[in-house]
Structure formats: C-alpha cells, structure tokens
Amino acid sequence: MKHRIITYMAPLAVLLMFSACTAGKVVQTHEEPDFDIHNYQSFDFSKPNLDIDQMPQYAERVEYIKDAIKKNLTGRGIVYAPGAGALLVNIGVVIEEKTQTRETDLRSDPPMYMGQRNYHWEVQEVPVGTYKEGTFTLDLVDKESNKMVWQGVATGVITKKDATAQKEIQQGTDKLLAELDK
C-alpha cells in the first residue's frame, strides 16, 4: 500500500512543480467595442521615445518580446510590415525589485523566554530574498485613426537565464494575446 501511494505521489509532485513555473499572468485587458483583430492585415511596432541602447541589459529581452509578438500575430495571418502596418504595436515594460517574504511560525520561530511572564508572540513577515518582477503593457493602435483599440497588461517574475526568459516571454505573450479571441 505504501509503495502504491509513492507511485502516485511522485508524478503529482513533478506536475505541481512544473505548473508552479508559469510564464506570468494576465492582469487585465481592454478593447474598444468595435475592435476585431481580424480586420487588420498588417502590423508594425511604434517607435519608442527612449533609446534602448542606454539599457543594454534589457535590449535583448525587448527583442524577445518583439519576436514573440511577431510570431503570434503572423500566426494569425497578420503580416509584419515595417513602416506600413495598419496596426501599431506599442510595448511598455516596467521592472520592479520586490522582496520575497515568509511568515514566522511557532514551530520554526518560537518565542524566547526573557525571564518575565508578560511576553507575547505574533506572526511577522520576514524578508528572505529579492527578485525582479516585470509588468508588460501591450497597446494596439489603429494607425489610420491613431486610436488605441486594445490594451493588455501582464506580470511575471524576471528570470536571469536568457533561454528560460525567451521561453517564458513567448508563453506570456501568447497567453496575453489569446485574450484577443475572447
């Protein structure tokens, strides 16, 4: 019986471990009432206001985002047309350093007796590390009317490994752009 439980628990543990490593989450989307992605045959990226060369540590990640968007939109039959796209794609990225915490517990953080009986113990948040979280905003703008027709916002933890980052950016972008079909 014990062997049978372990046989079922091992694959479940592996599944839970891999499902915990997600490519972020979609926070919100908004679209204009008359917007339909299928009404557009071409797209282009809007020109940024800042020089990405001043931030070389993020330039490659921005290219990953652009590649993920290109792959998704061309997969929908929309042609990438630099300088001539009917739909402009504007990318916004905000990166924040966050603190990872854990709650104190009576089992791992018991109260210390100080010689008097009027002490108390309470749960506290204890910092255990830091990480970077990115918020990715994607605006789709109708070039002819210069009106934003769709916006999506997603967040995720930024990994340091480029190969993992590229995969997670693709998955996160696909998850965000899947909202276009709803």
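Modeller: Let us start with Asn72, which touches Asp174 and Leu177 when residues up to four places away in sequence are not counted. Please keep in mind that this is a predicted model.

Colleague: Where does Asn72 lie, and is Asn72 buried or exposed?

Modeller: Asn72 lies in helix H2, and with a relative accessible area of 12% it counts as buried, because the cut-off for that class is under 20%.

Colleague: How far apart are the C-alpha atoms of Asn72 and Thr173?

Modeller: They are separated by 8.0 Å, although the two residues are 101 residues apart along the chain.

Colleague: What about Gln170, which residues is that one in contact with?

Modeller: Gln170, which is found in helix H3, is in contact with Asp67, Ala68 and Lys71, leaving aside its neighbours within four places in sequence. Gln170 is buried as well, with a relative accessible area of 17%.

Colleague: OK, let me step back. How many helices and strands are there in the chain?

Modeller: There are 3 helices and 6 strands, and from the N terminus on they run α-β-β-α-β-β-β-β-α. The chain has 182 residues, of which 27% count as buried.

Colleague: And of the contacts between residues at least 6 apart in sequence, what share joins residues at least 24 apart?

Modeller: That share is 77% for this chain.

Colleague: In what order do the strands sit in the sheet?

Modeller: The 6 strands form an open sheet in the order S1-S6-S5-S4-S2-S3, with mixed pairing. The edge strands are S1 (25-31) and S3 (79-80), each of which pairs on one side only.

Colleague: Which way do S4 and S5 run, parallel or antiparallel?

Modeller: S4 and S5 run antiparallel and are joined by 17 bridges, and within that pairing Glu103 has Glu125 in S5 as its bridge partner. S2 and S4, on the other hand, run parallel and are joined by 3 bridges, with Asp44 standing opposite Leu88 in S4.

Colleague: How many bridges are there between S2 and S3?

Modeller: S2 and S3 pair over 2 bridges in the parallel sense, and Phe43 has Tyr80 in S3 as its bridge partner.

Colleague: Changing topic, which residues touch the most other members of the largest nonpolar core?

Modeller: Those are Phe35, Ile69, Val89, Leu138, Leu140 and Trp150, out of the 23 residues in that core. Two or more residues each come from strand S2 (42-45), H2, strand S4 (87-103), S5, strand S6 (147-157) and helix H3 (162-177), and the largest share, 5 residues, comes from H2.

Colleague: Take Ile69 then, what is in contact with that one?

Modeller: Leaving aside neighbours within four places in sequence, Ile69 is in contact with Phe45, Val89, Ile91, Phe136, Leu138 and Thr173.

Colleague: Where is Leu180 found, and what is it in contact with?

Modeller: Leu180 is found in the segment after H3, and beyond its neighbours within four places in sequence it is in contact with Phe35, Ile37, Arg76, Leu140 and Trp150. Leu180 is buried, with a relative accessible area of 8%. The C-alpha atoms of Leu180 and His38 are 9.7 Å apart in space, while the two residues are 142 residues apart in sequence.

Colleague: Now the second largest pocket, how much space lies in there?

Modeller: About 250 Å³ of space lies in the second largest pocket, which is lined by 10 residues, and Tyr131, Lys132, Ile158, Thr159 and Lys160 lie nearest its centre. By class, that lining has 4 nonpolar, 3 polar and 3 charged residues.

Colleague: Last one, what stands out about phi of Asn146?

Modeller: Phi of Asn146 is near 55°, which is a positive value in a residue other than glycine. Asn146 lies in the loop between S5 and S6, and with a relative accessible area of 62% it counts as exposed, because that class takes residues over 50%.

How values were computed: Residues are numbered from 1 along each chain as its sequence is written. This is a predicted model: local features need pLDDT of at least 70, side-chain atom pairs count only at pLDDT 80 or more; totals for chains, interfaces and linings use all residues. Side-chain values use heavy atoms; hydrogens and water are left out. On a 1 Å grid over the protein atoms alone, a cavity is a set of points where a 1.4 Å probe fits but cannot get out, and a pocket is an open set with protein on both sides within 12 Å along at least five of seven lines; lining residues have an atom within 4 Å of a point. Grid points are joined across faces, edges and corners, and a volume is the space filled by probe spheres set on the points. Ala, Val, Leu, Ile, Met, Phe, Trp, Tyr, Cys and Pro count as nonpolar, Asp, Glu, Lys and Arg as charged, and the others, Gly among them, as polar. A nonpolar core is a set of buried Ala, Val, Leu, Ile, Met, Phe, Trp, Tyr and Cys residues joined through side-chain atoms within 4.5 Å. Buried means under 20% relative accessible area, exposed over 50%, partly exposed in between (1.4 Å probe, protein chains only). Helices (H or I, at least four residues) and strands (E, at least two) are DSSP runs, numbered from the N terminus. Contact means heavy atoms within 4.5 Å. Two strands pair if DSSP finds at least two bridges between them.
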